[in-house]
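Please examine the protein chain presented here.

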Amino acid sequence: MKNVLLTLIVIPMVILGQNVTDTQKMGLQELNEHLLTEYALNKNTKPLSDVATEDFILIAAPGMIENKKQAIDGVKNLNISSVNVTVDKIIENENMGIVIGILAMKGTIMNNPIPGKIRYSSTFIKQDGKWFLQARTMTPMRMKKP
């Protein structure tokens with residue numbers, strides 16, 4: 001009986017623990033991809049809320065500047081079916097990291113088609129040994145004409 005009770009307590013804890021993602025154990029590339037994918041594809045704003053600094057700034061694709069609350073609230077405007085995050089360069093030193101790459105998504109934003117590819121730059125700062133997202137820029141890329 002004691003073993004049955006222990007099993008009933010431990011197994012759910014193990015299963016639940018596997019569903020929890022510890023963003024602070026991720027490297028910059030993995031953390032950046034996780035934040036973009038969870039937000040855009042899964043409409044999960046918790047990772048961004050947890051990792052973005054209180055003075056976080058997003059320079060959105062049309063040139064708008066958004067604060068943390070506005071960026072989090074903006075998820076309701078997305079209807080994304082696929083996300084592909086690539087990284088072109090990572091610049092990292094002791095307390096700062098910048099991830100630069102391309103975000104390719106399929107879907108709509110505010111009922112308008114998403115641009116084919118978006119160039120992004122994510123700036124992270126390290127505080128008390130943990131990475132936090134300070135700023136992000138997103139710029140639509142012009143597609144070459146045939």
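The following questions and answers concern a predicted model.

Q: Why is I65 called exposed?
A: A residue is called exposed when its relative accessible area is over 50%. I65 has a relative accessible area of 59%, and therefore I65 is exposed.

Q: Where does I65 lie in the chain?
A: I65 belongs to strand β2, which covers residues 65–67.

Q: What makes the nonpolar surface patch?
A: The patch is made by I57, I59 and I65, and its area is about 250 Å². Ile is among the nonpolar side chains that are joined within 5 Å, provided that the residues have over 30% relative accessible area. I65, at 59%, is therefore above that cut-off.

Q: How many residues line the largest pocket, and which are the closest to its centre?
A: About 580 Å³ of space lies in the largest pocket. Its lining has 26 residues, and L58, A60, L78, I109 and M138 are the closest to the centre.

Q: Which classes of residue make up the lining of the largest pocket?
A: The lining has 22 nonpolar, 2 polar and 2 charged residues. Ala, Leu, Ile and Met are among the residues that count as nonpolar, so L58, A60, L78, I109 and M138 are nonpolar.

Q: Which elements each supply at least two residues of this lining?
A: They are α2 (28–40), β1 (52–59), β4 (96–109) and β7 (130–140). α2 gives the most, with 4 residues.

Q: How many helices and strands are in the protein chain?
A: The protein chain has 4 helices and 7 strands. From the N terminus on, their order is α-α-α-β-β-α-β-β-β-β-β.

How values were computed: Residues are numbered from 1 along each chain as its sequence is written. This is a predicted model: local features need pLDDT of at least 70, side-chain atom pairs count only at pLDDT 80 or more; totals for chains, interfaces and linings use all residues. Side-chain values use heavy atoms; hydrogens and water are left out. Patches are made of residues with over 30% relative accessible area and no salt bridge: like charges are joined within 9 Å, nonpolar side chains (Val, Leu, Ile, Met, Phe, Trp, Tyr) within 5 Å. Accessible areas come from the Shrake-Rupley method with a 1.4 Å probe; for residues, only the protein chains shown count as cover. A salt bridge is a side-chain nitrogen of Lys or Arg within 4 Å of a carboxyl oxygen of Asp or Glu. Buried means under 20% relative accessible area, exposed over 50%, partly exposed in between (1.4 Å probe, protein chains only). On a 1 Å grid over the protein atoms alone, a cavity is a set of points where a 1.4 Å probe fits but cannot get out, and a pocket is an open set with protein on both sides within 12 Å along at least five of seven lines; lining residues have an atom within 4 Å of a point. Grid points are joined across faces, edges and corners, and a volume is the space filled by probe spheres set on the points.
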